[in-house]
Protein chains: 2
Amino acid sequence: MKESMRIGVYGLGRFGSFWAKTLADHGFEVIGYSRRNKVVPDGVKLGTEEEVLGCSALFYCVSISAFKDVLSQTASRIGEHTVVMDTCSVKLYPADLMRKLLPETVQTIATHPMFGPDSAKNGVSGLPLVICPVNCKPETLEWWVSEFSSWKLQVLRMSCDQHDREAAWSQGITHFVGRTLSELSLGDTQLATKGYRSLMTVVEQTCNDPMQLFYDLQRYNPYAKQMRMGLRGALDTVMEVLKKQEEL
Amino acid sequence: MKESMRIGVYGLGRFGSFWAKTLADHGFEVIGYSRRNKVVPDGVKLGTEEEVLGCSALFYCVSISAFKDVLSQTASRIGEHTVVMDTCSVKLYPADLMRKLLPETVQTIATHPMFGPDSAKNGVSGLPLVICPVNCKPETLEWWVSEFSSWKLQVLRMSCDQHDREAAWSQGITHFVGRTLSELSLGDTQLATKGYRSLMTVVEQTCNDPMQLFYDLQRYNPYAKQMRMGLRGALDTVMEVLKKQEEL
C-alpha cells in the first residue's frame, strides 16, 4: 500500500522541510508545496497546491496561527480520499478547526511530532509522536500508528485535551523558560557548572525554533496561561522564602 | 612534599565528605573533623578539632552561613604553618572573614571547587575550580594550583569579585531556576521533548544540594539580588510580549 501512496506536505518552513524529508526517507513519494519556499529537500518533489491537496495523505506543516486561514482557503479542494493531518504543537485548536472546516467525508487525524530538525538530527528513533483521531476510520488510524511505530517513534495515543494539558507543563514551560533566559543573553563562562550547561541547553533547544512557534504555543494552548501564572507564582514563592531567610 | 603533608577537612557534610575523599584519592593523608557526622569516607581518618586545625593545610567545608561562627571559634587554635582554605560557593564574603579573623601570619587562599558528589560522580577531570589568593606567599598559591591541575581540574585564577559576579549569573541563576521549577513539582511525562529533559536535569542538578546552600548562594553573593531582579524582569518582558501578541 505504501508504494502506491503519495504524501503531500503543505508548507516547507523549518519543520515542513524536515518532515517532508523524514517521510521521503521512510519510503514515501512526497510532494511538497510552499507559497514562499521553492527549495525542497532531497527526495521530495515540488508540486502545485492542487497536486498536494489531492495526495493520499496530506500533512499541514504551517504555523498554528496560519492554520485557520490556510485550511479555510484549501478545504474545498482537498481530495475526497485524502487523509488530512495537522502537525501543530497544540492539538485542541487545530482539531476543532478540522472538525468545523472540513466536510465529514474527509478523514482527519491530529498529530504532534514532538521533535524537529535539532532534536532529530541523529534520527527519530525513540522520539515521541502524539496522535489523536479526530474524524477517521479505525483502520486509517491503525495504519498510521503502525507506520510511525515502524520508524521506532514512541507513538502516543491520547485525547487532544490531554495533549494540551501535558504539553503546557512540559514543552510549553520549557519554551517559556528558554525565551526568558534568552532575554538575559547569558553567555559562556569559565565558571559553568554542569547545571548551568543544562540550563544553556534549554536555551539552545528552544530558541532555534521560530519565534512564531513560541507565540503560538503560548497563545493557542488553552492551558498555557495557567502554566505561566503557575511559574510566576513559583518564582514569587522562592523570592518570598529568600526574603524571610534574610530577615532571620 | 605531598607525602609529609596532612590535610585537615573541617566539616563532613555532603560536600566535606566528598572533598575529604577526593583529597585522599589523590594521595594525601586526610583527617576529618565534624561536630555532627562521625562517619568518614574510605581513606580518611577521623580526628579531633585540634588535630585538624594543626594540619599543613586546612579546608573549611562548612556552610557559608556557618563560616563566620566556625572561623571565629577556631581562629586562635589554627597552627602557625597551616595554610587555610575555604571552599564556599561565594568568595568575597569568606575571603573578607579570613582577612579579618585570622592573624596575618596565617596563609589563606579562597577556593571554590565548582562540583560536588553529583557532578563529579564520574571523576573530577575537566571540572572547574576557582582559586583566589587572599593572604599567601606566591609559592604556596603555585603549589596548590599545580596540585589541583595535576587532578586535571580546570583551575581558574580570578579575583573574588569576578568570581561572585560570574557565579551569580551562572551557578546562582541555575539554582534559582531549579528551585523555582521544583516548586511546581513537574513530573515525568510521556510528552517529554529533549528540551524538557534538559529542564528536568537542571532541577536534579540543583535540588539534590542542601537547601541551606541555595539560601546562602542567594544571600551571600552580593550580585545575586541583581540576578534575581534581572530574571524576574526578563520573565515580565516575555509576559508583556505575549500579551501584545494576543492583542494583535
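In the predicted model, chains A and B meet across an interface that involves 49 residues of chain B and 48 residues of chain A. On chain B, several elements give two or more residues to the side that touches chain A. They are strand E7 (128–135), helix H6 (160–183), helix H7 (194–207), helix H8 (211–220) and helix H9 (224–247). The chain B side comprises 23 nonpolar, 18 polar and 8 charged residues.

The predictor assigns the complex an ipTM of 0.87. The pTM is 0.87. For chain A, the average pLDDT is 95. A score of at least 70 is reached by 100% of the residues of chain A.

Within chain A, helix H6 (residues 160–183) packs with helix H8 (residues 211–220). Their axes come within 10 Å and cross at roughly 130 degrees. The crossing of the two helices, H6(A) and H8(A), is left-handed.

Residues from both helices make the contact. H6(A) contributes A:Gln171, A:Gly172, A:His175, A:Phe176 and A:Arg179. From H8(A) come A:Phe214, A:Leu217 and A:Gln218. By class, the residues of this H6(A)–H8(A) contact are 3 nonpolar, 4 polar and 1 charged.

Note on methods:
Residues are numbered from 1 along each chain as its sequence is written. Chains are lettered from A and ligands numbered from 1 in the order in which they are written. This is a predicted model: local features need pLDDT of at least 70, side-chain atom pairs count only at pLDDT 80 or more; totals for chains, interfaces and linings use all residues. Two residues are in contact if their C-beta atoms, placed from the backbone, lie within 7 Å. Helices (H or I, at least four residues) and strands (E, at least two) are DSSP runs, numbered from the N terminus. Ala, Val, Leu, Ile, Met, Phe, Trp, Tyr, Cys and Pro count as nonpolar, Asp, Glu, Lys and Arg as charged, and the others, Gly among them, as polar. Axes are lines fitted to C-alpha atoms, for helices over the stretch in contact, and angles run from 0 to 180 degrees between N-to-C directions. A crossing is left-handed if the near helix is turned anticlockwise from the far one by less than a right angle, and right-handed if clockwise. pLDDT is the predictor's confidence in each residue, from 0 to 100.
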